[in-house]
Amino acid sequence: YFERELGAATPPPHSGRERPPPSGPSRLREADLEGLRMRVSGEVSTEEQDRVCYSFGRSYEDLIAWRDLQPVPTTDAVLWPTSADELQAVLAFASAQDLAVVPWGGGTSLARGVTPLTGSHRAVLTICLGRLNRPLGIDPRTDSARFEAGARGPEVESYLRARGVTFGHYPLSFEFSTWGGWISTASSSQSSSRYGEILDRITSARWATPTGFQEWKSGEAGPGGIDPRLMLASEGTLGVLVEAGLRLAPSPEKSTVRAVLLPSWAPAL
Ligand SMILES: Cc1cc2nc3c(=O)[nH]c(=O)nc-3n(C[C@H](O)[C@H](O)[C@H](O)COP(=O)(O)OP(=O)(O)OC[C@H]3O[C@@H](n4cnc5c(N)ncnc54)[C@H](O)[C@@H]3O)c2cc1C
C-alpha cells in the first residue's frame, strides 16, 4: 500500500553501523561513577549502546538523525534507580558535582525533551524511571489510584482494569510512555474530551529534588508557592516526579474500535 501510494521507500544509508555514534566519550570521572554506584542499586551504564539509545526521543529531528546515523548530544551515563530515595540521592550528588540530569520515562517525547543537553554543567546524566513502576494502590475516598512515575500505559491499564476502573488516558504513545511522562508533559489523549485533561485529574504528587522531596495534594498551594500546574508540567526542570495519584472513572461496559480507510483526500474532506 505504501509503495503504491507514496513510491518505493528510500533505503537508509548503509555504513555498517546499527546506530549513530556517540557525540564523544563519557566525560564522567572514576570518582563520579563510584559516587553514583554507591547511591544506585540498579545499573549505572556508560556503555555506548545505552548512552546513544537513551539520548534519542521520538521528535522528527531525532528520527532523521537516527536514520542518517548522525551523532546527537549524547548522555554521559544512564542510571536506573530502584527507589525514590535512590533517585533523590542521585539528584543531590549530581547537584554537588555540577552534573546536569535528564529524567527519561518512555522516551517518546516529540519535543526533544529527553535530549541530554549539558548546558553550563560539567557532564550530563540520564535517569531512567523504568524501575520505579510499582502501583501504590487505589484510594476509594478520592476515587484515585497512585503509581510510581515510571509505570507504562499497559502496566497501569492492566492493574486498573482488573479492579473494574480505568484512568481513561490514552495518548497514541500509550504502549511506551509513562505515568510520570504523561503528567510532566501535560499530555492529552483522544479520550480527554470524555475523561478530562490530565492536570485537572491529579490528586497528589511527589517530586525528588536535590534538597529533598516536595509533596502536593489537590486543593493545596504548590510546593514553595509555585503554581501546582507549572510544577506538575515542568518536564523535570523543577523536580523529578516520583509518584502521583490520578482520579479514576468506571471502566466502560462495552468498547469498540473502528478504523476507516479513505481512498483519497476528497471524500475525507
Ligand atoms: C507515536 C507517538 C504518539 C504520541 N501521541 C501523543 C498523544 O496522543 N498525546 C500527547 O499528549 N502526546 C503524545 N506523544 C508525545 C509523548 O508520548 C508524550 O509527551 C508523553 O507524555 C511522554 O511520556 P514519556 O513517558 O515517554 O516521557 P519522556 O519522553 O521520557 O519524557 C518527556 C519529558 O518529560 C520529562 N520527564 C519524563 N518523566 C519524568 C518524571 N518522572 N519527572 C519529571 N520529568 C519527567 C523528560 O525529561 C522530558 O522532558 C506521542 C509520541 C509518539 C512517539
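The radius of gyration used here is taken over C-alpha atoms, and the globule rule is 2.2 Å times the number of residues to the power 0.38. Keep that in mind for the opening stop of this tour, which goes through a predicted model.

**Stop 1: the whole chain**

Show everything as a cartoon. For 269 residues, the rule puts a compact globule near 18 Å, and the protein has a radius of gyration of 20 Å, which agrees. Colour by secondary structure next: you will be looking at 10 helices and 11 strands.

If you display contacts, consider those with a separation of 6 or more: residues 24 or more positions apart account for 68% of them.

**Stop 2: surface and charge**

Of the 269 residues, 44% count as buried.

Now pick out the charged side chains. There are 27 positive and 31 negative ones, and the centres of the two sets lie 3 Å apart.

**Stop 3: the annotated span**

Select residues 71-251. An unreviewed UniProt entry annotates this stretch as "domain: FAD-binding PCMH-type". How far apart are the end C-alpha atoms of residues 71-251? They lie 45 Å apart, and the span is 20% helix and 28% strand.

**Stop 4: Ala 186**

Zoom in on the loop between helix H7 (179-184) and helix H8 (192-195), where you will find Ala 186. Is Ala 186 buried, partly exposed or exposed? Its relative accessibility is 32%, so Ala 186 counts as partly exposed, given that this class runs between the 20% and 50% cut-offs.

Bring up the surroundings of Ala 186. Setting aside residues up to four places away in sequence, Ala 186 touches Ile 198, Leu 199 and Ala 233. For one more check, draw a distance from Ala 186 to Asp 200: these residues are 14 apart along the chain, and their C-alpha atoms are separated by 9.8 Å.

**Stop 5: Ser 192**

Follow the chain into helix H8, where Ser 192 is found. Because its relative accessible area is 7%, Ser 192 is buried, a label that applies under 20%. Which residues is Ser 192 in contact with, leaving aside neighbours within four places in sequence? Select His 169 and Glu 197 to see both partners of Ser 192.

Note on methods. Residues numbered from 1 in each chain as written. Predicted model: local features only at pLDDT ≥ 70, side-chain atom pairs only at ≥ 80, totals over all residues. Heavy atoms only, no water. Helix = DSSP H or I, 4+ residues; strand = E, 2+ residues; numbered from the N terminus. Buried < 20%, exposed > 50% of the residue type's maximum accessible area, 1.4 Å probe, protein only. Contact = heavy atoms within 4.5 Å. UniProt positions renumbered as here; feature names shortened; annotations may be inferred. Lys, Arg positive; Asp, Glu negative; His and termini not counted. Charge placed at Lys NZ, Arg CZ, Asp CG, Glu CD.
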